[in-house]
Every structure is written in C-alpha cells, then in structure tokens.
Amino acid sequence: MGFADQRFNVNLSILFTELPLLERPAAAAAAGFTAVELWWPWIDSPTPEQSELDALKAAVEDAGVRLTGLNFYAGRLPGPDRGALSVPGEESDRFRANIDVAADFAKSLGCTALNALYGNRVEGVDPAEQDRLALENLVLAARAADRIGAVLLVEALNKPESPLYPLVSAPAAIAVVDQVNEATGLGNAKFLMDLYHLSMNGEDLAQVIDAYAAKTGHVQIADNPGRGAPGTGSLPLEDLLDRLRKAGYDGWVGLEYKPGDVPSTQSFAWLPAEARAAR
C-alpha cells in the first residue's frame, strides 16, 4: 500500500494561497490533482453575492476538478476564530444564515462533505449554554447536509494552537458526533480525523484510528512538527493512512499543510505525479 493507494484532495485555503482564490483550482489541476476542498472562502460574509459564488463555481468547473469538502462559515479563519456555531449572538446568527448558502453551493458542485467548526469558548458565557447552542446549530446543519446528500463533519483541533476550542481530542469530537446523530436520527454526522491536530494533542494515532475509523467521514494530514508536507516532520503518515485503509476507511485524504518557503507546486515532491489524480 502507501501514498499511491490513497484518494488525495488539496485544501485550497492553505495551499496555493500565493494565488488569488479563483486561480487556485486550475493550479491544483496543473499539479496533477483532480479534487479540492475549501474553508469558507468569504471570511467576512456568510452570505456573499451570488456573483461571487458563481465565479468560484465556474473556476472549479473550468479547472476540471471536483470539490469534495467545504467548511461552513467559521469566522476569521485563518485568524483568531475557530468557528461560529457555539458563539452566542451575532456569530451564531451568521452561521445560521450561512447554512443553506453553503449547502446549496456544495450541492451545485456535487460536494458531499460539509465541515462545521465548533467555535471557541467565550469569556463570561456558561460553557453549557454554548454547548446547547452548538447542538441546535449542528442539528440544523446536519439536516441541511442531509438535504443535499452530504455528511456533516465535526473536527477536533489541537489545544496548543487553539486553546479556547473545546474539542481538542478525538473522544470529545466523537461525543458531539454521537449527540447530533441521536438528536436528528439521520446518522450523517461524522468525525473529521485530522492527524496533525490529534498528534499535537499527544493522542495515540493508531489507537484513534482503530477506535474511530468507522465514524470517520474525512481525514486531513500534515506532518508534525511544523504542519508541513509529509516527510518534513516525524509522523509516519504513510503507515497511518495504510492503517486507516485496513480499518475500512476509503474516503478522501485532504492535504491541509503549509507549503513552507516554496511555491505550493514544489511542496508535492513527496507524492508521485501519477498518484495525485483521484481514482
């Protein structure tokens, strides 16, 4: 097995960012990839103008790549925010306003995975109140995802880089996945297993894979330390992805790493060109 047996997509919100957004799908295609994913591209607007949505849709279609994953509105990301759905007031309202916009955009491109970042704890707000709000909003998001035949992803981040984010372990994220599925009865909430974040938390990655592969709807990778390309750190990513395949995961693996001081195209040397197109 190995990297050549995986289904990779490129996250265009962290790779190819040296280019304008609308040029990134074509750049990914030129590098040999046929699938991409995105954080919500309009960090200041959960409801951008239709012309902006149409322009991005056209850029993806013209490049001949498939959009396989999209985040709901998550606030300033990259930046100080880590989602909006558990933040009372304006941010929760913005998340709700975004739900159908994001779902409809995903549907227009055949995208079947929507990631809902939980949001940071807010000083002076009862965590239990935030968790109640989060569940309400995740239920709405799960129903919108189901409407378009998609899964809803819940992601664990890492505590060193996201100290205010409450889901900083695989079990914490899995608990939310289970709560959403119980509340909706749809079963379409899944775990987003980001091996970089979990490694930063000091989790036993092999154990996480064995325990939660069946509840995993998407995987993302970067090496650690540094959040760079595979081979720039010490994580045995090839072995871990093999373990995931053997555990039954056959979905997408998102390349969500920083290219470093080189153009993004040069950061893919670890992956043979013939292994970049999804099979």
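Guide: Let's begin with R227, which is buried, its relative accessible area being 12%. The cut-off for that word is under 20%. Keep in mind that this is a predicted model.

Visitor: Where does R227 sit?

Guide: R227 belongs to the loop between β7 and α8.

Visitor: And what is its phi?

Guide: First the general idea: most residues other than glycine have a negative phi, and most peptide bonds are trans. Now the case here: R227 isn't a glycine, yet its phi is positive, about 55°.

Visitor: Which other residue has a positive phi without being a glycine?

Guide: Have a look at F16, with phi near 65°. You'll find F16 in the loop between β1 (7-11) and α1 (24-30).

Visitor: Is F16 buried or exposed?

Guide: F16 counts as buried because its relative accessibility is 1%, and buried means under 20%.

Visitor: You mentioned peptide bonds. Which residues does a cis one join?

Guide: L77 and P78 are joined by a cis peptide bond, with omega about 0°. P78 lies in the loop between β3 (66-71) and α3 (90-108). Another cis bond links N224 to P225, and there omega is about 5°. P225 is in the loop between β7 (216-221) and α8 (237-246), and R227 is placed in the loop between β7 and α8 as well.

Visitor: On to pockets. How do I read those?

Guide: The idea is that rolling a probe the size of a water molecule over the atoms shows where empty space is left. In this model, the largest pocket holds about 370 Å³ of space.

Visitor: Which residues lie nearest the centre of the largest pocket?

Guide: Its lining has 20 residues, and those nearest the centre are W39, L77, R82, H197 and R227.

Visitor: What volume does the second largest pocket have?

Guide: About 160 Å³. Residues lining the second largest pocket include R66, T68, H218, D250 and W252. By class, that lining has four nonpolar, six polar and two charged residues.

Note on methods
Residues are numbered from 1 along each chain as its sequence is written. This is a predicted model: local features need pLDDT of at least 70, side-chain atom pairs count only at pLDDT 80 or more; totals for chains, interfaces and linings use all residues. Side-chain values use heavy atoms; hydrogens and water are left out. Helices (H or I, at least four residues) and strands (E, at least two) are DSSP runs, numbered from the N terminus. Buried means under 20% relative accessible area, exposed over 50%, partly exposed in between (1.4 Å probe, protein chains only). On a 1 Å grid over the protein atoms alone, a cavity is a set of points where a 1.4 Å probe fits but cannot get out, and a pocket is an open set with protein on both sides within 12 Å along at least five of seven lines; lining residues have an atom within 4 Å of a point. Grid points are joined across faces, edges and corners, and a volume is the space filled by probe spheres set on the points. Ala, Val, Leu, Ile, Met, Phe, Trp, Tyr, Cys and Pro count as nonpolar, Asp, Glu, Lys and Arg as charged, and the others, Gly among them, as polar.
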